[in-house]
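This report goes through one structure, beginning with the ligand sites and moving on to the sheet and the chain as a whole. Please look at the sequence and the model before reading on.

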Amino acid sequence: MNTQKSSYKVSIIIMSDYLSMSEAKKNTTMLRSQFQREAETHGLRGIIGVVAFSDVYNGLMDVQKLTLQSLAGDHFQPLLENGCIVSFAYVYPDGVVDKIGHKKDGLIDKESWNVYARWYTYLNEALDATSKNLAETIDGIPITATASGIASLVSHVSEYFSMVVSHRVHAEKAGIGWRGKNSLMINPRYSCMIRLSGIITETPLIITRSSSEDCGDCTSCEEACTFLQYRQKLEDYREQCRIYLDNLGLDDEVCGKCIKACVYSPRLAIKPEMSKVQPLDDVYYTHP
Ligand code: SF4
Ligand code: SF4
């Protein structure tokens with residue numbers, strides 16, 4: 001065996017790993033700076049992380065695998081081998097979730113609840129705009145924030161699954177939060193006061209760590225919603241949820257009582273303070 005040749009090959013591999021790591025670091029730093037500027041443009045706080053494309057693909061329902069595959073098009077195979085998904089969220093401004101389910105003189109105050117509904121629309125628009133801009137920077141493909149106006153158009157919630165790629169799957173794996181008992185993404189700093197979006201890309205980026213937290217013995221959201229409380233007995237509580245929020249008739253397809261319950265749950269104390277330096281393998285929080 002030619003030991004000189006073999007150590008030369010190892011050196012080349014180490015050097016190429018080093019170069020791709022340093023490229024990933026440079027790209028991640030640039031991505032974070034642009035995300036910071038995007039969040040400032042929209043007047044919002046944000047969170048951003050990165051996960052391997054294959055991890056997300058393998059974690060999706062079969063019907064959503066096909067949606068992701070079709071979104072990736074000709075890039076699907078290279079993405080499966082080396083690609084990633086940038087997962088990011090915008091945070092509702094303080095006070096907005098307080099408006100959910102607000103009552104006046106014992107009756108539901110829809111005017112107040114609609115403040116939350118309109119912010120929901122605004123966050124989705126901001127996510128879509130940011131997704132498009134970041135995708136241009138990193139040569140990626142945006143995944144739409146949400147399929148809006150769908151609740152009243154489908155006859156069952158299951159019809160919705162083929163129309164979207166679950167943002168919760170990539171957000172959970174990228175470390176934006178953990179999957180709560182209300183099925184939403186729970187961020188340790190902002191609870192589920194967030195909305196999610198993502199971008200598919202072949203640009204090398206640093207993968208962020210997933211969260212090791214969970215809901216523990218908290219049941220606040222279940223106490224706030226009968227469908228959640230009895231979800232084990234219901235055929236699909238998400239269908240009851242769809243019918244409920246469609247009938248609520250707010251300015252967008254929302255309810256949000258399980259979000260409000262979580263924000264004020266004893267499990268979570270919202271900590272808006274943030275350090276200036278955030279490691280590249282941790283999710284990044286924009287500065288307010
Ligand atoms: S959005 Fe409303 S109906 Fe749906 S699970 Fe949450 S609290 Fe229940
Ligand atoms: S309210 Fe409690 S149980 Fe429900 S999602 Fe939030 S932390 Fe989890």
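## The site of ligand 1

Three helices each supply at least two residues of the shell around ligand 1: helix H8 (226-229), helix H9 (237-248) and helix H10 (257-263). The model is a predicted one. H9 gives the most to this shell, with three residues.

The residues that surround ligand 1 are Asn182, Ala224, Cys225, Phe227, Leu228, Cys241, Tyr244, Leu245, Cys255, Gly256, Lys257 and Cys258. Sorted by class, nine residues of the shell are nonpolar, two are polar and one is charged.

## Helix H9

H9 can be checked for its length.

Gly249 follows H9 and has a positive phi, near 70°.

## The site of ligand 2

Around ligand 2 there are 14 residues, of which Gly180, Cys215, Cys218, Cys221 and Cys262 come nearest. Helix H7 (220-224) and H10 each supply at least two residues of this shell. H10 also supplies at least two residues of the shell around ligand 1.

By class, the shell around ligand 2 holds seven nonpolar, five polar and two charged residues.

## The five-stranded sheet

Five strands form an open sheet in the order E5-E8-E2-E1-E9, with antiparallel pairing. Strand E5 (140-143) and strand E9 (284-285) are the edge strands, and each of them pairs on one side only. In general, the strands of a sheet pair through backbone hydrogen bonds, either parallel or antiparallel.

Strand E1 (residues 45-52) and strand E2 (residues 84-91) run antiparallel and are joined by eight bridges. Within this pair, Val50 has Val86 of E2 as its bridge partner, and Val51 stands opposite Ile85 in E2. E2 is also joined to E8 by eight bridges, and these two strands run antiparallel as well. There, the bridge partner of Phe88 in E8 is Ser197.

## Strand E2 and its cover

How much of E2 is covered? E2 is mostly covered, with eight of its eight residues buried. Cys84, Val86, Phe88 and Tyr90 point one way from the strand, while Ile85, Ser87, Ala89 and Val91 point the other way; all are buried.

## Helices on the sheet

The sheet pairs E1 with E2 through eight bridges. Helix H5 (residues 110-137) packs on the sheet and touches E2, E5 and strand E8 (194-201). The direction of H5 makes about 20° with that of E8.

Helix H6 (residues 167-174) packs on the sheet too, touching E1, E2 and E8. The direction of H6 makes about 85° with that of E8.

## The chain as a whole

The secondary structure of the chain amounts to ten helices and nine strands. The chain has 288 residues, and 38% of them count as buried.

Among contacts in the chain with a separation of 6 or more, 76% are between residues 24 or more positions apart.

Terms used. Residues are numbered from 1 along each chain as its sequence is written. Chains are lettered from A and ligands numbered from 1 in the order in which they are written. This is a predicted model: local features need pLDDT of at least 70, side-chain atom pairs count only at pLDDT 80 or more; totals for chains, interfaces and linings use all residues. A residue is near a molecule or strand if its C-beta atom, placed from the backbone, lies within 6 Å of it. Helices (H or I, at least four residues) and strands (E, at least two) are DSSP runs, numbered from the N terminus. Ala, Val, Leu, Ile, Met, Phe, Trp, Tyr, Cys and Pro count as nonpolar, Asp, Glu, Lys and Arg as charged, and the others, Gly among them, as polar. Two strands pair if DSSP finds at least two bridges between them. Two residues are in contact if their C-beta atoms, placed from the backbone, lie within 7 Å. Axes are lines fitted to C-alpha atoms, for helices over the stretch in contact, and angles run from 0 to 180 degrees between N-to-C directions. A residue is buried if 20 or more other C-beta atoms lie within 10 Å of its own, exposed if 12 or fewer, and partly exposed in between; C-beta atoms are placed from the backbone.
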